[in-house]
Amino acid sequence: MRQYQQFKAQYPGYILFFRMGDFYEMFWEDARTAARTLGLALTARSKGADAIPMAGVPFHAVDGYLRKMIAAGHKVAICEQMEDAALARGLVKRDVVRLMTPGTLTDDPLLDGRTDNYLAAVYAIKGGQVGLAWAELSTGNCWAMSGTEKQAWEEIARLRPAEALVAELPNGSEDPLGAKLRALGIGAVTARPGWHFTAHHAREQVRKQWQAATVGGFGFSDDDPAILAIAAILSYLQETQKTEMNHLRPPRRHLVEEHLSIDAATWRSLEIDRTVRSGGVEGALLGAVDRTRTGMGARMLRQWLRSPRRDVAQILHRQGAIAALLEVPAEIAAIAGLLDDFCDIDRIVGRVAVNRGGPRDLAALGRCLAMAPQLLDRLAKLPRKEEVEPELVGMRSICEERAAHLNAAIKATPAPHLREGDVIADGYDAELDRLRQLATHSQQWLANYQASLAKESGIASLKVSYNKVFGYYIEVTDSHRDKVPMQWTRRQTVRNAERYITAELKQFEDEATGARAKSIALEQQLFEKVRQEMLPHIAPMQELAFGVARLDVLCGLASLAQERRYCRPTVTNDRILEIVDGRHPVLEQQLGSQFVANDVHFGAEDSLLLITGPNMAGKSTYIRQTAQIVLLAQIGSYVPAKSATIGVADRLFSRIGASDEIHGGQSTFMVEMTETANILNNATDRSLVILDEIGRGTSTLDGLSLAWAISEHIASEVRCRTLFATHYHELTDLAQRFVGVKNLNVAVREWEDQVIFLHRIVDGGTDRSYGIHVARLAGVPPQVLKRARQLLGELSVQQVGQVKAARYRRNDDRQPTLFADPKEEISRAVLRANVEEMTAEQAMELIKELKKKYS
Ligand code: ADP
């Protein structure tokens, strides 16, 4: 227990898995936590007053338990026995060999193959700049950025790291960023000493990890907060992994201005990588467009969606690759078929690098590398191969060479664990073959020996057997005891039998048991040698993995385009957005041919499309699909439309009613206004904004006034491309007052007492909301509907009067007014008119116009 306490004190914050023979045991509070998390029985060591709560898990099943502990947000320290308990004198030596934390996983069973598992570090320096770094230990990728705090949060919301590091302040408390990370839903937030985030430490870490004298070579300045965050990540990884990390690549700089920026609320509400309701990928954009065949590809597609591009050339480059693949449809299927059998090269290489790769990892890698040339040959034969994945084609020889090496060394289906032997291939090492021969032949030898003894002694029933404690022995039942030859030595008496040993059997025992133990030890050595020989090839293997992942994504997008008839959008730098027969990528897959395609026309002068129409008509679907189409276009994908011209957006914003959700104690209206303020303050004329029902969370007049003012501001000041779905019909007046504002509505057919939603977007405004109709569809009882209809009639009359009486005017008199009093407007128009110079017809015209407008 003293030993246990000592490790426990050394690793505060970790649950200690303490190896005792075939079990990992936990004590005291850890035992309680483990029992709760893992559903284990809580037992006790010692009895009575000294009883210590204890819980344990068998060592061979530890993976499953670790997964649960980590998933529940715990960190685990694994303490192993460092010597053979049978040989140890006194207390068995133990040591913590590994720290497992949610953000530093590498083991297959602990990870989701199709999702990255990030460790992030955030650090704010004076003046508001924030450094953010994130690393994926299992693949060795790492990125870093610096920017405003807002930009860092946007990135974190999309990354959703499994764990985040923040600095400890000089007074020992955690940086307040930690609390914000937890509020974002990041379960594991770890505070690290402040000096881990310093330029000096960064230089040291970078030198240690990448043998680079300065960080300049990676594109960072010395005091860039991004590099300070990287430094903190490096020291955390070293501390937890306790091994070299040859596979960790230098950080890539993430430049905010190169990407379509998507804030947290937009990311969430557009349901790009998961749905709001279930949190799953099913029903999200990713779920609808992901046709990748490998985990590497799936993870890369997620990265693409998370960071759509702004640079037209980069977008065209990806489009070009998809187009080249689409020219040879049969190849897409053939390549996909080959990719199906690929292993996760990236993660296997990562595990090999941190010395956690098992026999099956190397076998899978060998198999995969052996089939890679087949894939590369196919690529080399593509008519426009240089547009697809030209670097891959050149990797043929390294694949062959590595495959030959691995496959000669490792059995095709090795035992899962090295401790079982049966890993290294026959014929790889002469000494191993000899030892194995000995071990296998022993069975034969034993059978022969037993037969010959039986014959010599005349005891037909004797048996030569083995047990762990006494080794090999000859067992003779009591009834034959008198036939036992003198030269046999008695070893043990058991019920109804005696056990003996002979000099010959003893000699055999020494050789045979020795051979097995020796062959397993030798296999371990050989395996380590094979692993070591892999290390210099890690970088090219990572290149290969990257190329295969990219090919997988491109092929996936090509087959999606083929299967769902997506078109190649024209992507430009102009401020334009034209979509013909656009479809919602997710909904169209659910509804099939029932889905109604719609157009979007944003000319260079247009800024605001107001979509009015009843609830359930398809307004949200229309505006969301537009945002998703733009996003898809900016990752380089084809898009669900007949044709499209898309001027790249710099930012994407959405404000979509999250009406019933609770937002950390803020009222729905507050959240709505915060998001709206963010849009108005940050959108540019290159941004794409979708607004769904602004102002719903307050009284009608407040809401309408705000919606009006916001629309005006967008149309006259910000001029971002905006799609605004609203049930405020009054807003349709804006179209007459501002250039660049257009009214759209959703076509509805009324037929007898029925209302049919056509889901077709048409020009013009509408003034009916059909709410009662929707209520009927939802099953509201007929008498309630009847009463509602009656009230609607009365209220309409009253409301019109009320609205007309309300006055809303901005301070600036030149601004148009809303709900103006007609009398006042008419008298103003008359006063403004230059009556002296008017002809009678013109005067007549003015009167007619005023009458039309205000009657
Ligand atoms: P609104 O925002 O106008 O209340 P939604 O966009 O939420 O309406 O659409 C309501 C439902 O109508 C959707 O769940 C879908 O089933 C159907 N719908 C919407 N748009 C289309 C469309 N273009 N084609 C077919 N069905 C649609």
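Reply: Helices (H or I, at least four residues) and strands (E, at least two) are DSSP runs, numbered from the N terminus. The model is predicted: local features need pLDDT of at least 70 and side-chain atom pairs pLDDT 80 or more, while totals for chains, interfaces and linings use all residues. Residues are numbered from 1 along each chain as its sequence is written, and side-chain values use heavy atoms, without hydrogens or water.

The sheet to consider is open and has four strands in the order 14-15-17-16, with antiparallel pairing; two strands pair if DSSP finds at least two bridges between them. Strand 14 (463-467) and strand 16 (489-494) each have a single partner strand and stand at the edges, so one side of each has no neighbour in the sheet. From one strand to the next, the twist averages 40°. Strand 15 (residues 471-477) is joined to strand 17 (residues 497-501) by four bridges in the antiparallel sense. Ile474 has Tyr500 of strand 17 as its bridge partner.

Two helices lie across this sheet. Helix 19 (residues 503-534) lies across strand 14, strand 15, strand 16 and strand 17, at about 140° to strand 15. Such angles run from 0 to 180 degrees between N-to-C directions, with axes fitted to C-alpha atoms, for helices over the stretch in contact.

A group of rings is also found here: ring pairs link Trp445, Tyr449, Tyr466, Tyr472 and Phe508 into a cluster. Rings of Phe, Tyr and Trp (its six-membered ring) pair if their centres lie within 6.5 Å; planes under 30 degrees apart are stacked, over 60 edge-to-face and the rest tilted. Across the whole structure, 14 aromatic pairs are found.

Helix 19 also holds Val530. Val530 has a relative accessible area of 0% and is therefore buried (under 20%; exposed is over 50%, partly exposed in between; 1.4 Å probe, protein chains only). Apart from neighbours within four places in sequence, Val530 is in contact (heavy atoms within 4.5 Å) with Leu362, Leu406, Ala409 and Tyr428.

For comparison, another open sheet has six strands in the order 11-10-7-8-9-12, and its pairing is mixed. Its edges are strand 11 (188-192) and strand 12 (252-253), each with a single partner strand, so one side of each is left without a neighbour in the sheet. Strand 7 (residues 119-124) and strand 8 (residues 130-136) form an antiparallel pair over six bridges, and Val122 stands opposite Leu132 in strand 8. Helix 7 (residues 225-241) lies across strand 7, strand 8, strand 9 (141-147), strand 10 (163-167) and strand 11, at about 40° to strand 8.

Helices also pack against each other. Helix 10 (residues 295-306) and helix 20 (residues 538-564) meet at an angle of about 70°, with their axes 8 Å apart. The contact involves, among others, Met300 and Trp304 of helix 10 and Phe546 and Leu557 of helix 20.
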